[in-house]
Amino acid sequence: MNLYAHLPPSFRVLLRSPDEVDPKRRSTYLIAMYGGLLAIVIHITFLLLFRLTEVGPLYTLNFFSIAIYLYSYYLVRVKDHFHVGILIAVGEVLLHQGLAVYYLGWDYGFQYYLLSMASFLLAGRFRNLLLPLTIVGITALLLLWLYFVGQYLHTPHYSMGEPVSSLLYAFNLTAAGFLVTFFAVINELTRRDYERQLLDIQSNLYRAATTDELTGLYNRRRTQEHVDLEMARVRRAGAPFVLAIGDIDNFKLINDEFGHEVGDLVLRRVATTLREGLRDQDVVGRWGGEEFVLLLPHTSLEGGLHALEKVRATVAGLTFEHGGQRLTVSMTFGATQARPTASVDALLSEADHALYRGKHAGKNCVVSAVVEMNSVETAPEV
């Protein structure tokens, strides 16, 4: 919701963009600003009407009312005193409608503006509901008192006659109904906007908690959750999967010789290559440093070794330019086949030992916890 964006530029200078306001106070701000401007327009209309009909006290009262709303606008717009500005406006409504019924009587419909107080105050999102509920109670009592006074205990001081009285009644009823609807709509739209922002915040927090910031891959915690979930599926249904650990060869030398900025670039490029080189259902996570864990569901060991070999060859083909120097990288992978009787820790240990053997065998290779593979031709398709 952004009513501000649809206002003419000449009118927009009177308002602060809702985006500049704390989301928790946005409803209060919109109610105070738009409601206050609507009230000023309504009171200017009354000012002209009471001047033409020579209702002197109410003509003077509307000058006072406009000044109050301008001051309320100032408190909200300039001083950020949202609730003080609203309470001053509420006081004006109670005073104005009470005096209007006193001078003109019940038949002109000024009492209907009191009904808008409930939605006005509740939409203002006060931290303590006791205050707005108290004001609503006072408003209800004032409404009852005005009814009995206007109907039975008091003779109005002024009478406008027809058709002015009927037109004024219709105007007041319509304006009060519009205000109630307006406050309710503002409240609902700001509530939805606030909920959307909360969902965005939750989504960002979840992403931050499960994603490695540098590479965009799953972090260790989220990767572990995927491995645990897949292991439970193996024990329940016997669905095979391959678990592998991959490590960038000589990464410390890359950092020492070319700097951590180049090291970070290598990590990001390798992470992208791993992710793009595997299937959508496969999981790739950064386990720590230059080490990655790869999870290949519904895959035999032979098929997993074949997929890892293709990824290894792709990584080995990456080149980096820095300071006129050309840099190539490689990775070593250790892989194992999940078994219902094995624990996750045991599988990780098997893959890690296979990786260790690959490092000592010359690096840039794929090693199985059972068999060693140096060429993609020795491994069948998935």
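**Salt bridges, a cavity and a patch**

Mentor: Start with Glu-225, which forms a salt bridge with Arg-221; their closest N and O atoms are 3.8 Å apart. Keep in mind that this is a predicted model.

Trainee: Where do Glu-225 and Arg-221 lie?

Mentor: Both are in helix H8. They sit four residues apart, about one turn of the helix.

Trainee: Is Arg-221 buried or exposed?

Mentor: Arg-221 is exposed, with a relative accessible area of 56%. Glu-225 counts as partly exposed, at 34%.

Trainee: How many salt bridges does the structure hold?

Mentor: It holds 12. Another one pairs Arg-192 with Glu-188, with the closest N and O atoms 2.9 Å apart. Those two are four residues apart in helix H7, so about one helical turn separates them. Glu-188 is partly exposed, at 27% relative accessible area.

Trainee: What about Arg-286 and Asp-212?

Mentor: Their side chains meet in a salt bridge, 3.3 Å from N to O. Arg-286 lies in strand E2 (residues 283–288), while Asp-212 is in the loop between H7 and helix H8 (220–237), so the pair ties together parts 74 residues apart in sequence.

Trainee: Are those two buried or exposed?

Mentor: Arg-286 is buried, with a relative accessible area of 16%. Asp-212 counts as buried too, at 14%. The cut-off for buried is under 20%.

Trainee: New topic. How many cavities of 30 Å³ or more are there?

Mentor: The count comes to one.

Trainee: Which residues are closest to its centre?

Mentor: Of the 23 lining residues, the closest to the centre are Gly-35, Ala-39, Tyr-69, Val-93 and Leu-179. Helices H2, H3, H4, H5 and H7 each give two or more residues to the lining.

Trainee: Which element gives the most?

Mentor: H2, with eight residues.

Trainee: And what classes of residue make up the lining?

Mentor: The lining has 15 nonpolar, seven polar and one charged.

Trainee: Last thing. Which residues make the nonpolar surface patch?

Mentor: Leu-141, Leu-144, Phe-148 and Tyr-152 make a patch of about 480 Å².

Trainee: Where is Phe-148?

Mentor: Phe-148 is in helix H6, residues 130–153. It is partly exposed, at 46% relative accessible area. Patch residues need over 30%, so Phe-148 passes that cut-off.

Terms used: Residues numbered from 1 in each chain as written. Predicted model: local features only at pLDDT ≥ 70, side-chain atom pairs only at ≥ 80, totals over all residues. Heavy atoms only, no water. Patch = residues over 30% accessible without salt bridge, like charges linked within 9 Å, V, L, I, M, F, W, Y side chains within 5 Å. Areas by Shrake-Rupley, 256 points an atom, 1.4 Å probe, with all protein chains shown as cover. Salt bridge = Lys/Arg side-chain N within 4 Å of Asp/Glu carboxyl O. Buried < 20%, exposed > 50% of the residue type's maximum accessible area, 1.4 Å probe, protein only. 1 Å grid on protein atoms, 1.4 Å probe; cavity = no way out; pocket = protein on both sides within 12 Å on 5 of 7 lines; lining within 4 Å. Points joined across faces, edges and corners; volume = space filled by probe spheres on them. Nonpolar A, V, L, I, M, F, W, Y, C, P; charged D, E, K, R; others polar.
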